[in-house]
Amino acid sequence: MNFRWGGNLQMYGNYYYHTPSSMYRQRITKEQAQEIALNRVPGTILHVDMDLENGVLVYEVFILTEDNRLFEVEILARSGRILKVEEEIDFD
């Protein structure tokens with residue numbers, strides 16, 4: 001007997017198995033995200049985070065430019081598309 005609910009749980013007999021949700025499949029690597037960000041904003045990478053924003057995995061790459069400006073580049077983890085480039089005013 002095989003039942004499927006919502007794409008995440010499957011039942012085989014009396015056992016439930018969690019299947020990976022699509023948000024975790026086929027994503028770019030952290031290194032690829034850094035390269036994409038540096039192509040848009042040249043500088044030195046200070047920090048890279050992966051966040052879940054509105055149900056979507058996003059890399060947040062923080063770059064310090066040569067003129068001491070801090071930028072955050074948000075990159076869609078699934079495709080590598082740049083979502084946002086924003087200058088950070090507050091360095092916290």
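**From a hairpin to the core**

In this predicted model, E6 and E7 pair in the antiparallel sense over 6 bridges, where helices (H or I, at least four residues) and strands (E, at least two) are DSSP runs numbered from the N terminus, and two strands count as paired if DSSP finds at least two bridges between them. Within this pair Glu72 stands opposite Glu86 in E7, and the hairpin of E6 and E7 has 5 residues between the strands, with Gly80 taking a positive phi near 90°. Residues are numbered from 1 along each chain as its sequence is written. Because the model is predicted, local features need pLDDT of at least 70 and side-chain atom pairs count only at pLDDT 80 or more, whereas totals for chains, interfaces and linings use all residues, and side-chain values use heavy atoms, with hydrogens and water left out.

E5 and E6 form a hairpin with 5 residues between them, and Asn68 in the turn has a positive phi of about 60°. On the side of E4, 9 bridges join this strand to E5 (residues 56–64), again in an antiparallel run, and Ile45 has Ile63 as its bridge partner in E5. The hairpin of E4 and E5 has 2 residues between the strands, and there Asn54 takes a positive phi near 55°.

Taken together, 4 strands form an open sheet in the order E4-E5-E6-E7, with antiparallel pairing. Strand E4 (44–53) and strand E7 (82–88) stand at the edges with a single partner strand each, so one side of each is left without a neighbour in the sheet. The twist averages 20° from one strand to the next, where axes are lines fitted to C-alpha atoms, for helices over the stretch in contact, and angles run from 0 to 180 degrees between N-to-C directions. Helix H1 (residues 30–40) packs on the sheet, touching E4, E5, strand E6 (70–76) and E7, and the direction of H1 makes about 50° with that of E5; contact here means heavy atoms within 4.5 Å.

The sheet and helix belong to a chain whose secondary structure comes to 1 helix and 7 strands, and from the N terminus on the elements run β-β-β-α-β-β-β-β. Of the 92 residues of the chain, 30% count as buried, a term that means under 20% relative accessible area, with exposed meaning over 50% and partly exposed in between (1.4 Å probe, protein chains only). E5 is mostly covered, with 7 of its 9 residues buried.

In soluble globular proteins, nonpolar side chains tend to be buried together. The largest nonpolar core of this model has 14 residues, and those with the most contacts inside it are Ala37, Tyr59, Val61, Ile63, Val73 and Ile75; such a core is a set of buried Ala, Val, Leu, Ile, Met, Phe, Trp, Tyr and Cys residues joined through side-chain atoms within 4.5 Å. H1, E5 and E6 each supply at least two residues of this core, and the largest share, 4 residues, comes from E5.

Which residues does Ile75 touch, not counting residues up to four places away in sequence? Ile75 lies in strand E6 and is buried, with a relative accessible area of 0%. Its contacts, with that exclusion, are Ile28, Ala33, Ile36, Ala37, Leu57, Val58, Tyr59, Val61, Gly80, Arg81, Ile82 and Leu83. The C-alpha atoms of Ile75 and Met50, 25 residues apart along the chain, are separated by 9.4 Å.

Glu74 also lies in strand E6, and at 7% relative accessibility Glu74 counts as buried. Leaving aside its neighbours within four places in sequence, Glu74 is in contact with Glu53, Val58, Tyr59, Glu60, Arg81, Ile82, Leu83 and Lys84.
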